[in-house]
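Here is a set of exercises to work through with the model open beside you. Try each task before you read its solution.

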Amino acid sequence: VIQLFMPGGPSQVDTFDPKPMIAKHAGERPKAVDLPTLFKTTEGLLPSPFSFKQYGNCGKWVSEIFPHTARCVDDICFIHSMHTDIPEHAGAMMMFNLGHLQPSRPSLGSWLCYGLGTENQELPGLVAMSPRAQPRGKSAHWGNAFLPGAYSGVYANLHSMKPESILRDLKHPHLKRAEQRQQADLLARLNRLDLERQKQDQKLESSIQAAEMAFRMQFAVPDAFDTTRESKATLELYGDSEFAKGCLLARRLVERGVRMVQLSHSLDHYDIAWDTGHEDIAHHRVLAQKCDQGIAGLLRDLKQRGLLDETLVVWGGEFGRAPTSQGTTGRDHDHHGFTVWMAGGGVKGGFSYGTTDQFGLVAEENPVHVHDLHATILHLMGLDHERLTYRYSGRDFSLTDVYGRVLHEVIA
Amino acid sequence: MPGCAVKFACLFVVFFAVPARADEPVADTSPGGELDPTEGHWAWQPLCRVPPPKAENGARIHNPIDQFVVAALEAQGRMQPRPATAPVFVRRVFLDLIGLPPTLDELRQWVGRLDGGEGAGGGELKGDAVAELIDTLLNRPQYGERWGRHWLDVARYSDTGGWTHDDRPLPNAWRYRDWVVHSFNTDLPYDEFVRSQIAGDKIDREASIGTGFFALGPTYASDGGNAASIAQVVGETLDDRVDTFSRAFLGLTVSCARCHDHKFDPIPTLDYYSIAGVFNNTGEGETPLVDDNTVQVFHEHQKPINELLEKIRKSRETATKAKRELTEDEKKQIAAWQKEADDLKAKAPPKYDFAHTLHDRSSVDMAVALRGNLMEHGPAAPRRFLKVVAGDDRELFTKGSGREQLATAVVDPSNPLTVRVIVNRVWLHHFGKALVRTPSNFGMLGERPTHPGLLDWLASALIESGWSIKSLHRTIMTSATYQSTSAFDETAFASDGDNRSIWRMNPRRMDAETWRDSLLAVTGELDLTVGGPAVADIVGSNRRTLYAKVSRNNPLASDKFLRLFDFPIPRATNAKRTANVIPQQFLFMMNSQFMLNRAQALADRLQTESGPIAARIEPAYALLYGRRPSEEELRAATDFLASGDSAVDRWQRYFQVLLSSNEFMYIR
């Protein structure tokens, strides 16, 4: 899974869920949109400052601020009827990534690693990345909470792109590889002698293997981070924003068997980038510009390498933004209805599921809660959200708690 | 686990047989006695003092513990294990009681006194010397540091708050940590220890520090003031208190009854809110640890400063409200006030010492929150103790928040849970595996005790000793059972791989603290200063690992090291450490500056004038592993050292391997 996380709440009606009715009733506040948002705004409908065009065989309408992604719509499955519990960032972000409003539960990626095990023991199973600022709530978004520590994610900052950042102590400050090999061999020899004396101990055996694995990790991780051998065409496909670097690295990691990459958008060190929509929704253009080409590059690159079938890409924020205005040019949080899209990994391409009302505030047809999205993601990864449980504190926990419905309608 | 499935099936029948409206929590509806399969559950039966069974002739019986254990082994046709050798036993006792290995001198001294004369053959250890060794270590301040840490896991102790931003500072959290260490060192009776943590503010200032158990808990906050999320965070914070309270002291998962009656234990939702109500009336604050005069002087100095800051705030607010910039005059005035305030601040005395503590703020009952949602009120939940322990005819908690009465109910000797739970926790840390393998869940889904009679015998003995934990250590550690060898036995392993019958001592991997402290101890670098504020980056310090500053959310420098070696994230009470083996641990051993420094320190310490290689290796083996190197090990060393020096001295590289070995990390 590659999650393209858009913290702060991107507006649905300015990106992938256009509503011409807003312009028709600009400034009015019809009953349908008179619902409380976070700041209990009372202003009327605010038309989108962006124009929309149709793309692809499916004829999907997409905002001018996502021109590259727009060309991939035939591979994308849009869910327009998302909704979540509360209109506050931290809680809703936790809900989106942990299925719970507080940081006390394991993250989606941690559950995936727990459920699927590892495919490449030389790399961690869950890697989180962002340019500069970590999303609000930080490590909870890729944390393991009460799951065993082996299922915890690691974090890489895309500004510095250091392999050491995802694994501490990855490099010996002085020794050469051959000298480290001698040390590793001596340790293995002494540990084997100890194992013979103790006769039987599974932990001793696995620790000898883990030490050898660590030796190899020292070289496997920098290799995954080394994008210099990518072709010029590939590098150009992604573009050169920090987010785009993350997209390329995400492909390199899933290619090597990393189970989940969580790539969060951020700009100007802001931990909830899309939140600038409060003051001026037109700022969405800058945010989109920093991620659009990288996203499209990732989808195309995965497709041409034949990886898109087995890689699920999920785009979206913790909630959306209201079609009504806040102040003169901004929009308030909207947890009643918003858009998330998925691509690859067995979902239908060029497909849209669910709708919001005619103005785009509330999920109307086929509402999808975040728990349903989680259930569906786990299902696509071959896991049953009701059976993927962990016994802790006297009961069985799961990502979706007692909720969640698999959206069979979106599966190809 | 077919037996388990059957049990579940009948529970389902019973619970679904109860007529209940799905949209309403069912209060106090556990079925009548004739139907309730939970009624006979062992954990809520009174302590049962069965006489210790008679053991066969020739068994080594030091006290009734051995009678229970040997009888159980005999019943399964197993032999009592041989005693450990003296060097192994001395290292075990040191690491177990104080979390540090013996020095070379201590090892020699105690091995000499313990050895019953049969040498390494595993003969009986001398009983009076064993008792003396235990007493010696119990009297060291390092004992409280080690055993206090076990309790801090249970208390989900952290030096910072708990919400998403993790920014609620708990600058004096360490005073609770030191209070716990001190309580163990002075052998504060366990019932007093518990009472202080629930309601110490009702006892005295010293005891009030104990309420840090709750006052330092994670407190959740809303990110925007939305009513639904405020209700949610209040509910979540109360849930931490109920969950930690019930699992830590009682081994009950009351938190499962937050939204609906407990699915498996007789804990109705009403009981959850009876306990939550006590904490809902409780506030968290500061208790000064200095005399009243100092506090008064501090506040007298703060008063004019606060007045000036308030004037500045008001002035700015007036301008903002009128939607205008500050005038030049106003700016000047503000600057003058600010300067005056700064001058006063510079002269004011620093903040006095204080502890994070609890206090009562009201005395009202809560309503049941329907489906856990505090915005939807159900029936009132009178504050009182749990039905499963105290029965139907319970005292109502009406004094203040009700914490004092709650504390009394918890440590009432007629409550069998509190005493069984602590005895089991102590056993766990001595043996690595508990008598009840689910130490914080004694309910229907928890495990049954491996030795029920022994558990209750120990529980009764603890109460009779005046709840003395040190006396419990002595009883357990002087038993032949504790002195058993950890040697592997193929036949026993085949039929009881989980060692439920205690056919040997469990070999244990050190936890993060013991391992790091031991590394610093053998290199002679460990700083044994006791207590004080937390150390931000423990890896760069020589203090004991206990003093690392830990957080609940975003790992601080210390957390990153600790979590690598399975230190539990202190967001919820933790009964038992896991011991995961992961490659990242070996990256730390191979490449970290910490390990390179230890290797160098060890090389410096064992520096001898040139001589045979063995002359330098033998002291290293004695110091690290408490034994002599084998021929094969000497050969391995010779081979390695022959490779010569590189960027790092060969001896240093060699010692780094010895420090990274499994043998060093294991307690056997």
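**Exercise 1. The interface**

How many salt bridges are counted between chain A and chain B?

*Solution.* Before counting, note that this is a predicted model, in which local features need pLDDT of at least 70, side-chain atom pairs count only at pLDDT 80 or more, and totals for chains, interfaces and linings use all residues. Residues are numbered from 1 along each chain as its sequence is written, chains are lettered from A and ligands numbered from 1 in the order in which they are written, and side-chain values use heavy atoms, with hydrogens and water left out.

Step 1. Apply the rule: a salt bridge is a side-chain nitrogen of Lys or Arg within 4 Å of a carboxyl oxygen of Asp or Glu. The count between chain A and chain B is six.

Step 2. Look at an example. B:Asp223 and A:Arg136 form a salt bridge with an N to O distance of 3.4 Å.

Step 3. Turn to polar contacts (N or O atom pairs within 3.5 Å; within protein, one atom must be able to donate a hydrogen and the other to accept it, and residues adjacent in sequence count only if both atoms are side-chain atoms). The rule finds 23 residue pairs across the interface of chain A and chain B, both residues being at pLDDT 80 or more.

Step 4. Find the elements involved; helices (H or I, at least four residues) and strands (E, at least two) are DSSP runs, numbered from the N terminus. On the side of chain A that touches chain B, two or more residues come from each of α3 (89–98), α6, α7 and β16 (389–392) of chain A. Helix α6(A) gives the most, with 13 residues.

Step 5. With contact meaning heavy atoms within 4.5 Å, 63 residues of chain A touch 70 residues of chain B. The buried area (accessible area, 1.4 Å probe, that two parts lose on being put together, summed over both) is about 5600 Å², and carbon and sulfur atoms give 58% of that.

**Exercise 2. A helix checked by its length**

Step 1. List what is buried (under 20% relative accessible area; exposed is over 50%, partly exposed in between; 1.4 Å probe, protein chains only). The buried residues of α6(A) include A:Gln183, A:Leu186, A:Leu187, A:Leu190 and A:Asp194. An α-helix has 3.6 residues a turn, so residues three or four places apart point the same way.

Step 2. Go past the end of the helix. A:Lys199 follows α6(A) and has a positive phi, near 70°.

**Exercise 3. Salt bridges within a chain**

Which parts of chain A does the pair A:Arg305 and A:Glu230 tie together?

*Solution.* Step 1. The closest N and O atoms of the A:Arg305–A:Glu230 salt bridge are 3.6 Å apart. A:Arg305 lies in the loop between α10 (284–304) and β8 (312–316), and A:Glu230 in the loop between α7 (202–225) and α8 (232–238), so the pair ties together parts 75 residues apart in sequence.

Step 1. Compare the partners. A:Arg305 is partly exposed at 36% relative accessibility, whereas A:Glu230 is buried at 10%.

Step 2. B:Arg544 and B:Asp517 meet in a salt bridge of 3.0 Å, N to O, linking the loop between α21 (512–522) and α22 (557–564) with helix α21 across 27 residues. Both B:Arg544 and B:Asp517 are buried.

**Exercise 4. Strands side by side**

Which strand does β1 (residues 2–5) of chain A join through four parallel bridges, with A:Leu4 opposite A:Trp315?

*Solution.* Step 1. Two strands pair if DSSP finds at least two bridges between them. The partner is β8(A), where A:Trp315 stands opposite A:Leu4.

Step 1. Find the other neighbour: β1(A) also runs parallel to β7 (residues 260–264) of chain A, over four bridges.

Step 2. Check the faces. A:Ile2 and A:Leu4 point one way and A:Gln3 and A:Phe5 the other, and all are buried.

Step 3. Move on from β8(A), which pairs with β11(A) in the antiparallel sense over four bridges. In β11 (residues 338–344), seven of seven residues are buried.
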